Amino acid sequence: MSGTSALRIRWAQRPPATGAAVMATGILSVGLHLPGYEALSRIALVLTGISWLGLAADFAVRLPRERERWAAEARSPVALTPVAATAVLGAAVADLGWQQLAEALLALAFVLWAGLILPVMWHWERRMPGVVFLGSVATEGIAVLAAVLAGAEGVAWLAHAALVFFWLGLVLYLAGLWRFDPRQVLTGAGDHWIAAGALAISAVAGARLVAAAQSGLYLWNNDDNGTLRAVTVGLLVLACSCYCVLAAAEMLRPRLGYDVRRWATVFPMGMTAVAALSVAAALEVHWPSGLGRVLLWIAVAVWCAVLASAVRSALGTVRSRAPR
């Protein structure tokens, strides 16, 4: 079997969790943009866009051919990965001022979310892995993108819609926490980190809503704004605390070797960095800024390590399938 055929087989057999790679790369683009590393941010954005287009094209081609497979996957929490990936890509392009593209991505993310969220929740079980938090991540991703566009374009109703998704995302986090298997902290293959990522993206959504209210829009009164600020800071503290617990568990029980779910580790790491930087900027508090920069470079290093592991795994598959 040729190397090209082996790669085709590997691509065809890839799990839906590969969308987490798009999320991880996209959030690094957002994170690198915030402190001004524009060249690296644009490179990450290009990689995100190419990966997203590849997954979208593959979905469009294979949907008519493998409907039963896609129907089965649509009931899994991992099905919400495209929603989050689309929202993250939208936030990255919105930060660059490409509002029309960001609006299209927001509309697509919302349509996907509306069609998937109920079937996914209906098939939730007890003692689930970290993917159970993708319901919260996808919902908060829409809140982030809507809040960014509301602030940039001065659209009050979009900010209020973002606020609804913000609170709904927190409700879904609590529901996911009830279903989450805590043993995953010590045994999970990488997606258990989404527990921290969901808190972090909620903090980002809160920060973006605060920033939208500071853009000249009258969205809510001072008491409501104070509540939103307090909740946002609380979410950041919880996200950082969860990050520390998960990092300690990784050192206590190292899980070496490549697993596609490791991309779901990179995303929360990058998202926690973005949360710290976003809260520092929107709420004008200084302590999260330095923390965010440190966490950002940790996330970049882990992204590089996971990418290297993925390449080694792919090359190993090609060699094993090559004719001898």
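This is a predicted model: local features need pLDDT of at least 70, side-chain atom pairs count only at pLDDT 80 or more; totals for chains, interfaces and linings use all residues.
Local features require pLDDT of at least 70 and side-chain atom pairs pLDDT 80 or more, whereas totals for chains, interfaces and linings use all residues. Residues are numbered from 1 along each chain as its sequence is written, and side-chain values use heavy atoms, without hydrogens and water.

**View 1. Helix α7 spans residues 134-153.** Helices are DSSP runs of H or I with at least four residues, numbered from the N terminus. The 20 residues of α7 reach 28 Å from first to last C-alpha, close to the 28 Å expected at 1.5 Å a residue, the expected span being 1.5 Å times one less than the number of residues. Because 17 of the 20 residues are buried, α7 is largely enclosed by the rest of the structure; buried means under 20% relative accessible area and exposed over 50%, with a 1.4 Å probe and protein chains only. G154, with a positive phi near 70°, follows α7.

**View 2. R127, D181 and R183 are linked in a network of salt bridges.** A salt bridge places a side-chain nitrogen of Lys or Arg within 4 Å of a carboxyl oxygen of Asp or Glu. The closest N and O atoms are 3.3 Å apart between D181 and R127. D181 lies in the loop between α8 and α9 and R127 in the loop between α6 and α7, so this pair ties together parts 54 residues apart in sequence. For R183 and D181, the closest N and O atoms are 3.1 Å apart. D181 is buried at 6% relative accessibility, whereas R127 is exposed at 52%.

**View 3. R262 forms a salt bridge with E250.** Their closest N and O atoms are 2.9 Å apart. R262 lies in the loop between α11 and α12, and E250 in helix α11. Both residues are buried.

Methods: Helices (H or I, at least four residues) and strands (E, at least two) are DSSP runs, numbered from the N terminus.
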